[in-house]
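Thank you all for coming; I would like to walk you slowly through a structure that may be new to you. Please have a look at it first, and then we will go through some of its parts together.

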Amino acid sequence: MNDWIVAALLLAPLLGGLAAWFLRGRTVKLVAYASMYVACSAGLGLAVAVFRTGRITAFGGVISIDALGAYLLILTVLVGAMALAASPHYISHEFAANKLGPRDEGHYYALFLWFVGTLVAVPLVDNLGLLWVAIEATTVVSALLVGINRSPDAIEAAWKYLILGTIGVGFALLATLLAYASSVRVLGESSDALNWSTLMTIAPQLNPNLLRLSFVFAVAGYGTKMGLAPFHTWLPDAHSQAPSPISALLSGVSLIAAFYALVRFHLVAAAGLGPAFSSNLLIFFGLLSIAVALPFLIRQEDIKRLLAYSSVEHMGVLALGLGFGGPLALLGVIAHIGFHAFTKATLFISAGELVHQYGNRRLSAIRGTRTASPVAGGVLGSGIVLLGGLPPSGLFVTEFAIIVGGVTRGYGLAAALAALLLALCFVALAVHGSRIVWGHSGPVDAAREIDWSMALRLALPLLAVAVLGLWTPGPLASAFESVRAVMAVIGA
């Protein structure tokens, strides 16, 4: 039964994309929605089964998913569904502006489904080599989506993303090979030598020097893919030039997929070397990412680049919390992943609506949205405040948990510096958000008729993030605890 569910999960976006490539109009939308429905149903069903019964395997052990993978799978299919729902509106705007040709609609939906398919493959595999293959595949497909409208800026951003992303995953490949080499003296040339679960059981026997090198290259490689400074330079260009639904997937899921891979390497390194080496590296790069993002948040003039640099900040928060370790910080990290995914995806989609309405991406031009665009503008303004961590945002709770967790683990100075930097980031975001909503209106000064379906789609994720900042339902708390248990080696 598990084999059939996994097959449906992987084949639906693959085959749907093949069909969508040659279609257009209403038919291609139906194919895309049907494929996404199958993927969502299979992904959610598989993830719920993992949380109920524990690790699930399929296809002779090639597929192996634990609670951490199940959590990422849930986020992937849900954010993918959000992005797909926003895609027809994006396509219609681009057609109206003559930025897409007749065949581009089918190509967009095909690449979209393949992007989702590569993303859902990431948490399904136990083998670190197959994990690398899946993440490399996400890079190739998403780079084509970044440059789909073929404008000079989009093509430049796509090439920059493809080149730097490929260099990053090249380092990640070296990290994978070094992890394999570190196990040879124990396992020999075994096909299981790259299985994460196997490496965890023999971690104290791994070659420590090779393991250190492996983790250093994993930070450089997967850190590039997740946008950690100073490896982040591709991210603002790619996220700002990509179609807004694709930006939502890139920032909400693709970055987290790379972080997921880094977590796996960190757990092996901590089990084999003790947590100090890998934790200190993560704390350093986490603080650096937050610090580097701050001036770009303050002086930013492009609305999508503002959100992109916020992603650099939040990836730094995740690296910082992972480095701190301990039960409280790790629970903060786990919840932060989900809250950031839904908030950032919503903000990119609403930002795309404002860019189309105002015909401009400059923050100085997007003003007075409370009257000119009450839905997209209101969602963007409130979402920016939630993203910055104003209570009752769930992101405030998670950042607070990470900082307090760092103090309790003896990282008081790093936690204090992080708190200061995050406070300054919040001020920068709040200033931009207030100007967007309350500033003097630019070329658009008449309110449009409210699209209630779009309002519901955009408001519900933000409402959930706010409510979950005050109350965590029992099943969700249990799921978070199951994910933390997978990370127990750094959670003691």
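**A walk through the model**

Not counting residues up to four places away in sequence, Ser310 touches Leu297, Lys344, Leu387 and Leu429, a contact being heavy atoms within 4.5 Å.

Before going further, please keep in mind that this is a predicted model, in which local features need pLDDT of at least 70 and side-chain atom pairs count only at pLDDT 80 or more, while totals for chains, interfaces and linings use all residues. Residues are numbered from 1 along each chain as its sequence is written, and side-chain values use heavy atoms, with hydrogens and water left out.

Now to the whole chain. The protein chain has 19 helices and two strands, and its radius of gyration is 21 Å, close to the 23 Å that the globule rule gives for 492 residues, so the chain is as compact as a globular protein of that length; the radius is taken over C-alpha atoms, and the rule is 2.2 Å times the number of residues to the power 0.38. Along the principal axes, the C-alpha atoms fill a box of roughly 70 × 50 × 45 Å. Of the 492 residues, 59% count as buried, and among contacts with a separation of 6 or more, 79% are between residues 24 or more positions apart.

Which residues touch the most other members of the largest nonpolar core? In this core of 171 residues, they are Tyr108, Phe112, Tyr222, Leu249, Leu262, Ile303 and Met487, a nonpolar core being a set of buried Ala, Val, Leu, Ile, Met, Phe, Trp, Tyr and Cys residues joined through side-chain atoms within 4.5 Å. Helix H10, residues 244–273, contributes the largest share of this core, with 19 residues.

Let us stay with Tyr108 for a moment. Leaving aside neighbours within four places in sequence, Tyr108 is in contact with Ser87, Tyr90, Ile91, Leu145, Ile148, Pro243, Pro245 and Ile246.

As for aromatic pairs, the count comes to 13, where rings of Phe, Tyr and Trp (its six-membered ring) pair if their centres lie within 6.5 Å, with planes under 30 degrees apart counting as stacked, over 60 as edge-to-face and the rest as tilted. One of them joins Tyr90 and Tyr108, whose ring centres are 5.6 Å apart with planes at 35°, so the pair is tilted. Tyr90 sits in helix H3 (residues 67–96) and Tyr108 in helix H4 (residues 104–121), 18 residues apart, and both of these residues are buried. A further tilted pair is formed by Tyr222 and Phe265, at 5.9 Å centre to centre and 45° between the planes; Tyr222 lies in helix H8 and Phe265 in helix H10, so this pair ties together parts that are 43 residues apart in sequence.

Is helix H9 largely enclosed or left open by the rest of the structure? Eight of the eight residues of H9 (residues 234–241) are buried, so the helix is largely enclosed, and its buried residues, including Trp234 and His239, pack against helices H5, H6, H8, H10, H12 and H13.

Finally, some backbone details. In general, most residues other than glycine have a negative phi, and most peptide bonds are trans. The peptide bond from Ala229 to Pro230 is cis, with omega near 5°, and Pro230 is in the loop between H8 and H9. The bond from Pro391 to Pro392 is likewise cis, with omega near 10°. Phe59, although not a glycine, has a positive phi of about 50°; Phe59 lies in the loop between strand S1 (56–58) and strand S2 (63–65), and at 42% relative accessibility it counts as partly exposed.

Conventions: Buried < 20%, exposed > 50% of the residue type's maximum accessible area, 1.4 Å probe, protein only. Helix = DSSP H or I, 4+ residues; strand = E, 2+ residues; numbered from the N terminus.
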